[in-house]
Structure formats: C-alpha cells, structure tokens
Amino acid sequence: MKTMKRNLILFFIVVFAVIPAYTQKSNIIYKQKDAPVEERIKDLLSRMTLEEKIYQLNQYTIGENTNVNNIGEVTKSIPSKIGSLIYFSADPVRRNTIQKKAMEESRLGIPILFGFDIIHGFRVVYPIPLAQACSWNPELVKSAAEFAAKESKLSGVDWTFSPMIDIGLDPRWGRVAESYGEDPYTNAVFGVATVEGYQGTDLSSPYSVAACLKHYVAYGMSEGGRDYRASNVSQQSLWETYLPPYQACIEAGAATVMSSFNDISGIPATANHYMLTEILKQKWQYDGFVVSDWNAVSQLIHQGVAKDGKEAALKSIMAGLDMDMKDNIFLENLADLIEEKKVPVERIDDAVTRILRVKFRLGLFDNPYTNIVDEKDRYLKNEDILLAQKLAEESMVLLKNKENTLPLPSPVKEIAVVGPMAKDKSNMLGSWSYHGKEEEVESIYEGLEKEFGKNVRLNYAKGCDFDGTDESLFAEAVHIAQHSEAVIICLGELKTWSGENASRSTISLPVIQEKLVSELKKTGKPLILILSNGRPLELARLEPLADAIVEIWQPGIAGGTPLAGILSGRINPSGRLAITFPYTTGQIPMYYNMRPSSRPFREMGNYQDIPNDPLYWLGYGLSYTDYEYGKATLSSEKISKDQKLKVEVAVTNTGDRKGSETVFWYINDPVSTISRPVKELKHFEKKELNPGEKKVFVFEIDPHKDLSYVDSNGDRFLEAGDYYVMVNDQKLKFELTE
Ligand code: NOJ
C-alpha cells in the first residue's frame with residue numbers, strides 16, 4: 001500500500017512537474033539549435049520587452065582606459081542585457097565572465113556580441129591594408145584575414161570592424177592606409193577576399209568572425225583630406241566610385257555595415273535614409289545590421305541636423321541605423337520616442353531582428369563562450385608569421401632601380417644603414433595595431449643582420465629623427481656612409497601620421513629627412529631609400545637623389561626579412577602600387593581613372609610649374625627580371641551584349657630570375673551618354689614565371705559586368721558602340737552591337 005502511494009506520488013510529480021517543464025523547454029524555439037534562424041528570431045522577439053529590445057541596439061565599450069585594478073568594477077557595470085561591447089581586452093576569460101552574466105542573469109539569456117578593430121591582424125600584425133592591395137594577391141590577403149580571425153576569436157572577439165573599403169582620392173587623408181587604394185574594383189576584390197577570410201563559409205564555425213564594411217559611405221571624400229569633414233560628392237560619383245565595393249561585399253555575404261562619420265552632401269551618413277534604407281536595405285536586400293561609428297549619433301548635433309540627443313536618435317533610427325556605438329543615445333531616448341509614436345515599434349523590431357540574426361548566424365546562442373586555449377597556442381603561430389612575411393614581401397614595391405643598384409652586388413662587404421626607421425619597431429606596425437607588440441616586430445636592421453650574417457659589416461647611424469630640426473646626427477651618418485660601399489637610408493612616417501584623425505597638409509616627408517638624404521648624396525655612394533609610410537609620399541625632391549627606392553609601407557611584425565631578401569636578391573620584388581603617387585601635394589587629387597580633359601592637346605590645362613603626370617601611377621612597380629608582352633589578341637572584334645569576349649596576352653620572362661608579373665586589364669568607352677574615365681581597371685592576375693617561361697593571361701569580358709555603367713540613380717545601362725581594352729601599352733578596339 002505504502003509503495004503504491006509512493007508510486008502514485010511519483011507519477012503526479014512526473015505528470016505535473018517534469019513533463020510540463022520538459023515540454024516547456026522544447027517549446028522555446030529560440031533555444032533550439034536546429035530550428036531555422038528566422039523562426040528562432042521571431043520566437044525570441046515575441047518574448048522580449050521593449051526595454052530588452054532597446055538594449056540590443058546599444059554598444060558599450062570595455063577595456064579602454066581600464067587597468068587590472070578596476071576592471072572587475074567595470075565588468076560589473078556592464079548590463080547583462082546589452083546588445084554589444086567593443087572589447088579592447090584580449091582576455092578570453094574576462095569575456096566569458098561577462099558573457100556568463102548575459103547568459104545567466106539576463107531574463108532571456110541573449111548573448112553579447114563582442115566587437116573590435118582587427119584591421120590588419122590581431123597579435124600577428126600584417127602589412128596595412130593599402131600595402132596588402134599592392135600584392136595584387138587576393139588569396140594571400142584572404143589567408144591573412146583567416147588567421148587574424150582565428151587569433152581574434154580565441155581572444156574573445158566575434159566581430160571585427162573591417163574591412164574598410166572607402167575609396168580615398170586624397171592621400172592627405174590619413175585613412176587611405178586602411179583602404180585598398182584608389183580604385184573601386186580593387187577595393188571590391190580585396191574587400192570580398194577579406195570578408196571571405198574573416199567569415200569563412202560558415203559564420204558559426206569556431207574560427208570565424210563577422211566582418212563589418214566601413215565606413216558607409218564616401219568617407220574618403222572628406223574635404224581637403226581632413227578627417228570628420230563633410231563629403232561633397234555627386235550622385236554620379238557615389239554610384240560609380242564609392243558604392244561599388246560595398247555592393248560587391250554585401251553580395252559576398254558581409255555580416256554587418258558601419259555607417260560613416262561624414263555628412264554626404266548635407267545629410268550625415270548616420271541619418272541618411274537614402275543610403276541606409278533605400279540603397280542598402282531595400283535595393284541591395286541587405287539583411288544584416290548597421291552600426292554607427294563611435295559617438296556618431298550624438299555627433300549629428302555638431303553636424304547641424306539634430307537639436308539634441310533625442311532628435312539625433314529619432315533621425316538615425318528612422319534613417320535605418322540599427323545599433324548605436326558608444327554614446328547611449330538610443331538607450332536614453334528610444335523608449336520616449338516610441339511612447340510619443342514618433343518611432344514605430346516595427347522599426348525597433350526590424351533593428352533587433354537584424355542584430356539577433358547576426359548573433360544567431362555566429363552561433364552565439366549555442367556556443368556563447370570562447371574556448372580557452374594556452375596563449376602559446378593562440379598567438380604567433382609559425383605559419384602565421386610566415387604568411388605575414390610573404391604578404392609583406394609581395395606588398396613591397398621597387399620604385400626605382402637606376403643601373404641595377406639592386407640587388408646589392410655580391411660580394412658587398414660594408415653597408416651603411418641609416419635613418420630613423422632603420423631600428424624602429426613600433427612604427428613598422430602602422431595604425432590600428434592595438435594588440436601588436438613592438439617587441440615582436442622584426443626591424444629593418446634585424447632583417448639585414450639575419451640576411452647578411454657575418455659576411456657583411458653593417459654600419460649603423462640614426463642620422464636624424466622623424467621630424468624636427470636637429471641636424472646634429474648628420475655628421476655621424478655621413479661618416480659611416482663614406483666608409484661603406486652603399487647606403488641604405490630608412491625613412492618614413494610615424495604610425496600616428498596615418499589612420500584615423502591623422503590628416504597631413506603635405507604628403508612629403510619632413511624636411512629633416514630630406515636634408516639627411518641631401519647630405520648623404522654628397523658622399524657619392526649609391527643611395528638606397530627604404531620608405532615606410534601609410535600613404536603615398538611626395539618624392540619630387542628625394543627621387544632624383546636616390547639610386548634605388550623600395551616602398552615597404554608599414555609591413556607589420558615581419559617586414560625585416562622580406563626587405564632584406566629583396567636587397568640581397570634572394571627575393572625578386574613583385575609588388576605594384578594600388579594607389580597613385582602624386583608628383584607633389586598640389587597635384588591632389590590625382591588618380592588613374594580620371595575623366596578625360598576637354599582640351600587634352602598641346603598640354604592645355606597643365607600645371608605650369610610641375611609635370612602634369614604623377615610620379616608613379618597605380619600599377620607601377622619594378623622587378624629584377626624583364627617581362628615581354630606578346631601581341632594581345634581578341635576572340636572577336638564584334639560582340640553582342642549577351643556574348644563574351646576573350647582577350648589574351650602571352651607574357652614571357654626574358655630575364656634570368658624567377659618573378660611574378662601582375663597583368664592589369666583596363667576598359668575605356670570613348671563615347672558614352674555619361675563621360676567615362678580614361679581607363680577603368682576591370683581585371684588583374686598575378687602569375688609566377690621562371691626564366692624563359694611564357695604564360696598566357698586571359699581576360700573574359702562580360703559586357704553586362706565590364707562594359708555597363710551606372711547613372712546617378714544607380715541604374716545600369718549598356719550602350720552599343722566602340723570600346724577599347726587596354727593591357728600594358730596595348731590598346732585594342734572592339735565593337736559592341738545591340
Ligand atoms: C572610429 C573609427 O572611425 C572606426 O573605424 C572604428 O571602427 C571605431 N572608431 C571603433 O573603434
């Protein structure tokens with residue numbers, strides 16, 4: 001009897017307690033790993049209070065200006081229901097503590113999205129993006145993004161604010177360092193490669209991070225190259241120059257977008273309905289979310305379109321902004337705006353949906369925590385460093401090589417190594433290298449020591465500082481130069497001279513560095529200039545003094561070895577410029593795809609005091625071998641709009657060294673309803689060639705993709721008529737029929 005009673009009680013417990021609990025759990029669709037993402041979002045959204053929704057639209061920061069003593073307090077102050085955090089720390093344990101709070105203390109257990117600026121590597125710092133583009137090797141760039149994603153993910157970061165695909169036509173603007181140069185197609189190709197590297201084929205895989213396209217849009221047009229200024233840009237330029245890289249990366253599946261600081265012809269990007277909603281979300285069907293730039297919502301007040309935070313919140317949310325970075329304006333104002341019926345709940349739901357979608361796609365609901373692995377397994381893996389070396393190698397550009405000054409003749413016995421960059425480490429990292437460590441950088445001098453070993457004596461003198469007027473170190477530099485067979489002069493920019501908020505009024509190097517070269521010139525020794533910088537430089541005075549020039553950009557942690565290999569001849573340089581070097585600052589803007597002049601004859605309209613051409617165009621770069629281009633051929637001289645046209649050119653390595661040649665294919669439409677640039681890059685390919693080897697390079701022209709053009713509404717049109725395809729110094733005409 002007793003047992004029966006006990007069994008009965010047990011039965012009731014099962015029926016009334018356990019079974020409902022079980023069914024209840026299985027009814028929570030958003031917690032079901034295998035349920036479709038859209039259903040999980042819908043379910044979760046239906047359970048959220050307005051306050052919980054608004055919290056999702058906000059991003060806090062942690063780790064900046066905090067030290068170990070107060071970090072605990074800061075961690076506690078992070079609300080458990082916050083949408084996202086900018087995570088300055090590299091500590092996965094701390095991240096997990098914060099995440100645990102979100103998962104266990106917030107009512108619905110919504111994971112936090114941890115974001116950070118991983119711009120060109122995490123701990124392994126790769127060359128700056130501008131340099132990466134000079135490799136013309138998207139596969140390599142994709143691999144670097146993949147490695148960076150892995151280091152980031154293991155440090156607690158799920159989302160990187162990269163790639164930056166802003167076209168910068170004014171190199172005074174410090175942020176040209178962060179882009180892939182001046183050309184829309186190049187930015188599209190490298191932007192897509194980077195997105196693919198970060199995100200992989202599955203965003204939820206353990207080593208993928210979400211990409212963020214920035215800064216949408218036309219930030220690179222900031223007036224006068226001054227950061228945070230307005231961009232006065234025509235609708236036509238928007239569509240043909242600034243938007244295409246974004247469209248390509250959206251089509252490639254980029255998870256998120258960051259709106260830019262600038263005002264676009266009067267309407268700041270943060271509150272620009274046309275850009276955020278009509279183009280991005282409606283025309284391109286983008287289903288991820290848009291985050292503002294740092295404090296950019298409140299800055300609508302400075303930009304003169306909002307009288308206070310409330311109006312700033314109203315304008316930006318209604319324009320289509322989904323997440324407010326840092327300034328809490330959404331948090332402080334959205335509830336009132338909804339109450340006052342100025343912001344419909346549907347808009348909030350849409351923004352939350354977009355943010356949750358990215359979180360689900362990242363697998364954060366199912367795997368919210370970072371796997372803790374030993375630091376030595378997390379960072380600086382050998383294969384990573386080798387990749388950083390390879391990318392640095394391919395991004396270095398040989399700009400001048402008078403009478404084969406380089407590679408250094410062997411046997412060379414004594415070389416002078418001079419200049420403020422020679423032993424510098426910190427500046428080789430470039431801007432946005434927050435987790436990079438100076439002590440992990442290989443300097444130019446260390447690379448040379450390793451390359452030349454005991455066979456060559458290196459005589460070092462700093463010569464001067466990066467800036468200032470102190471010439472007291474010149475004499476020592478001149479002295480060692482006199483006693484050496486060649487002089488390697490390492491010059492450049494501090495890393496703080498490029499990147500955000502780092503505009504310069506001139507793109508030349510400071511006078512003190514130019515003067516040092518003039519002094520060394522007097523020794524009569526061969527001068528080899530090594531330049532490390534984050535933008536194109538004005539070299540009008542330096543170029544004539546140098547026998548050889550190698551542009552190494554800011555190569556990251558592993559630039560010393562590849563540079564030394566180029567100087568010794570172990571490596572044949574293959575980088576080509578992805579950005580034009582104006583002859584002087586006064587030539588700006590100077591870019592390869594300008595529209596034709598109305599008076600192109602008899603040098604009309606030219607500058608009277610300087611050459612009309614830049615010093616080096618996009619695509620320029622020398623090699624230690626020679627490439628001979630055969631006659632390019634067309635598969636047909638006439639095609640219809642739906643046909644494709646094949647153009648081929650055979651390139652032979654006629655020198656005695658192995659090398660890699662990049663072939664650039666351009667299109668020109670001489671007569672169009674809208675005047676077209678003198679040439680537009682449509683395809684490029686890099687191939688390795690052994691001495692004497694010949695390879696065929698092919699460009700398949702697809703008229704709808706390569707010959708069509710946009711009007712100022714972004715509508716594509718394709719016109720029949722004559723076109724040119726250009727390769728090297730050849731220009732071939734063909735006709736497009738109706
Ligand atoms: C401001 C910069 O413009 C942007 O590029 C960066 O991602 C954010 N700050 C976050 O650090």
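Q: Why does A90 count as partly exposed?
A: Partly exposed is the range between buried, under 20% relative accessible area, and exposed, over 50% (1.4 Å probe, protein chains only); A90 has 24% relative accessibility and therefore counts as partly exposed. This is a predicted model, in which local features need pLDDT of at least 70 and side-chain atom pairs count only at pLDDT 80 or more, while totals for chains, interfaces and linings use all residues. Residues are numbered from 1 along each chain as its sequence is written, and side-chain values use heavy atoms, with hydrogens and water left out.

Q: Which residues is A90 in contact with, leaving aside its neighbours within four places in sequence?
A: Contact means heavy atoms within 4.5 Å, and on that basis A90 is in contact with F122, S155, R378, Y379 and H435. A90 is found in the loop between β2 (84-87) and α5 (92-105), where helices (H or I, at least four residues) and strands (E, at least two) are DSSP runs, numbered from the N terminus.

Q: Why does N404 count as exposed, whereas N328 counts as partly exposed?
A: N404 has 62% relative accessibility and therefore counts as exposed, whereas N328, at 23%, counts as partly exposed. N404 is placed in the loop between β11 (397-401) and β12 (414-418), and N328 lies in the loop between β10 (324-325) and α14 (329-339).

Q: What makes the phi of N328 and of N404 worth a remark?
A: Most residues other than glycine have a negative phi. N328, however, has a positive phi near 60°, and N404, which is not a glycine either, has a positive phi of about 50°.

Q: Which peptide bond joins S162 and P163, and which joins S410 and P411?
A: S162 and P163 are joined by a cis peptide bond with an omega of about 10°, and a cis peptide bond with an omega of about 10° also joins S410 and P411. P411 is found in the loop between β11 and β12.

Q: How does the span of helix α17 agree with what its 14 residues should give?
A: The expected span of a helix is 1.5 Å times one less than its number of residues; for α17 (residues 382-395) this should be 20 Å, and because its end C-alpha atoms are 20 Å apart, the two agree. Among the buried residues of α17 are L387, A388, L391 and A392.

Q: What is called a cavity here, and how many of 30 Å³ or more does the structure hold?
A: On a 1 Å grid over the protein atoms alone, a cavity is a set of points where a 1.4 Å probe fits but cannot get out, and lining residues have an atom within 4 Å of a point. Of the 13 residues that line the largest cavity, I119, H120, Q132, A145 and Y198 lie nearest its centre.

Q: How many nonpolar, polar and charged residues are in the lining of the largest cavity?
A: Ala, Val, Leu, Ile, Met, Phe, Trp, Tyr, Cys and Pro count as nonpolar, Asp, Glu, Lys and Arg as charged, and the others, Gly among them, as polar; by these classes the lining has nine nonpolar, four polar and no charged residues.

Technical notes. On a 1 Å grid over the protein atoms alone, a cavity is a set of points where a 1.4 Å probe fits but cannot get out, and a pocket is an open set with protein on both sides within 12 Å along at least five of seven lines; lining residues have an atom within 4 Å of a point.
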